[in-house]
Amino acid sequence: MATFRELQDQQQDLLSDLDELEEAVAELTTALATPDPDNEDTQHAQRQHLAWLERQRAGLLVMLNEAERTLLQSDSEDEA
């Protein structure tokens, strides 16, 4: 089992990854808000990429939840 410190490091890495994903989502959302009617292929690719990023974000949120749950459980075991 991972140590408390390793879990904290993992949580920080996941939070950093989440920040990067959210920045990418914001950029794509902005690009899709002002579409170029002459470039439908690019719009389609951007929408697909946005959907992929959203799936990645959902997975990261699950991993963060698990890391937090494990940290809380580890912390409560240390106190007992």
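Good morning. What we have here is a predicted model, in which local features need pLDDT of at least 70 and side-chain atom pairs count only at pLDDT 80 or more, while totals for chains, interfaces and linings use all residues. Residues are numbered from 1 along each chain as its sequence is written, and side-chain values use heavy atoms, with hydrogens and water left out.

Let me begin with the whole protein. The fold holds 2 helices and 0 strands; helices (H or I, at least four residues) and strands (E, at least two) are DSSP runs, numbered from the N terminus. Along the principal axes, the C-alpha atoms fill a box of roughly 65 × 15 × 15 Å. The radius of gyration is 18 Å, whereas a compact globule of 80 residues would have one near 12 Å. That radius is taken over C-alpha atoms, and the globule rule is 2.2 Å times the number of residues to the power 0.38.

As to burial, 21% of the 80 residues count as buried. Buried means under 20% relative accessible area, exposed over 50%, and partly exposed in between, with a 1.4 Å probe and protein chains only.

I turn now to helix α1, residues 4-33. Its 30 residues should span 44 Å at 1.5 Å a residue, and its end C-alpha atoms are 43 Å apart, which agrees. The expected span is 1.5 Å times one less than the number of residues.

Which residues of α1 are buried? They are Leu7, Gln11, Leu14, Leu18, Leu21, Val25 and Leu28. These buried residues pack against α2 (40-79). An α-helix has 3.6 residues a turn, so residues three or four places apart point the same way.

Aspartate 19 also lies in helix α1. Is aspartate 19 buried or partly exposed? Aspartate 19 is partly exposed, because its relative accessible area is 45%. Aspartate 19 and arginine 57 stand 38 residues apart in sequence, yet 9.6 Å apart in space, C-alpha to C-alpha.

In helix α2 we find glutamine 43. Glutamine 43 has a relative accessible area of 14% and is therefore buried. Leaving aside residues up to four places away in sequence, glutamine 43 touches Leu32, Pro35, Asp36 and Pro37, where contact means heavy atoms within 4.5 Å.

Finally, contacts across the chain. Among those between residues at least 6 apart in sequence, 71% join residues at least 24 apart. Thank you for your attention.
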